[in-house]
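Visitor: Could you take me closely through one aromatic part of this model, with the criteria spelled out as you go?

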Amino acid sequence: MKTKLGLLYGGKSAEHQVSLQTALAVIRALDLEKFDIHPIYINTDGKWIKGPQLSEPVENVKALEFSEGNQLSPLSLAPALFHSEKQETLDVIFPLLHGPNGEDGTVQGLLELLNLPYVGNGVLASAAGMDKVMMKNVFAQAGLTQVNFVAFIKSEWEKAKAEAYSKVETELGYPCFVKPANLGSSVGISKCTNRAELEAAFAEAFQFDRKVIIEEGVVAREIEVAVLGNDEPECSVAGEIVPKKDFYDYKAKYESGDTALIIPADITDEEYTQIKEMAIKAFKSLDCSGLVRADFFLTKDGKALINEVNTMPGFTPFSMFPLLWKHTGVEYPQLIERLVSLAKERHAEKQQIKFTF
């Protein structure tokens, strides 16, 4: 029997287009002999629109951007979205959302309330993984080594800008990186080498979030691994990102191709073991499920520093997560099937929990 799979994509986020690219790639990879595909689109205004079941792969992202004519009212949202045209409950939801209002635990909370199996991380892991400050605090508690950082919310920065800049210079120095705390895909990130650049970077990052994180710059290689599983996660081979630009920004990642991806990374067995163990520890410290991509800095002396984990890594043709698993021996269609299976497994486990009243 086919799995009725709901694909949830788009979103009211700066990463809307990234989500569309991810959805397109997943649809093209799905085996229509095994899955009935039910697209659920969230437009840039945050309106949820259910599309018709797909009988064949779509050609481009435009075909996935449904008009408001099929828009659902809030009262009809849950039952209408998560049933097939035959009014059958969908078997699994695959959230392909990036950034706030999708990757941050909000949609995961909705799916939990609806008691629906869904691919990927739960509410806690998604929320903590989205907020880089909270994530780094959890990693520090778990004893994971990482770069030094400071963080500010917009209101405190506006009241004391000079003091904020001085704190960055005193505790981190230059170069440093300013980032929105709750965005991925390298949106709103700036590298700073002086006070003027720091001031501009703060203003830029605060356009995307009310909280920013500033990280110490380190001379290191950028190494990534993909993690797959629930209670017994597995690691892929390691890959290395070599940006042709100063750092791996949004344009280099998704538009210009100004990045070399080296898979497998040229690292020693000892370095890989260190990174693998840290990735698994990070996965478990956030109580992750399904998947993450774990990003590291590797210094010249072979010391690994965890940078972050991405709880819903992209599945675009340029994305590291599927490429890492491909080089590990898991092809893209198999990867999606594994993720759907893991979603069902985690949901079944939750159904065994007994509640007393």
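**The surroundings of one tryptophan**

Guide: Lys161 lies over the face of Trp157, at 4.4 Å from the ring centre, where a charge counts as sitting over a ring if NZ of Lys or CZ of Arg is within 6 Å of the ring centre and within 35 degrees of the ring normal. This is a predicted model, in which local features need pLDDT of at least 70 and side-chain atom pairs count only at pLDDT 80 or more, while totals for chains, interfaces and linings use all residues. Residues are numbered from 1 along each chain as its sequence is written, and side-chain values use heavy atoms, with hydrogens and water left out.

A search of the whole structure finds seven aromatic pairs, a pair being rings of Phe, Tyr and Trp (its six-membered ring) with centres within 6.5 Å, called stacked if the planes are under 30 degrees apart, edge-to-face if over 60 and tilted for the rest. One of them joins Trp157 and Phe202, stacked at 6.0 Å centre to centre with 25° between the planes. Because Trp157 lies in helix H6 (residues 154-159) and Phe202 in helix H8 (residues 195-205), the pair ties together parts that are 45 residues apart in sequence; helices here are DSSP runs of H or I with at least four residues, numbered from the N terminus.

Trp157 is buried, with a relative accessible area of 7%, and Phe202 is buried too, at 0%, where buried means under 20% relative accessible area, exposed over 50% and partly exposed in between (1.4 Å probe, protein chains only). Both rings belong to one aromatic cluster formed by Phe152, Trp157, Tyr165, Phe202 and Phe206.

Technical notes
Helix = DSSP H or I, 4+ residues; strand = E, 2+ residues; numbered from the N terminus.
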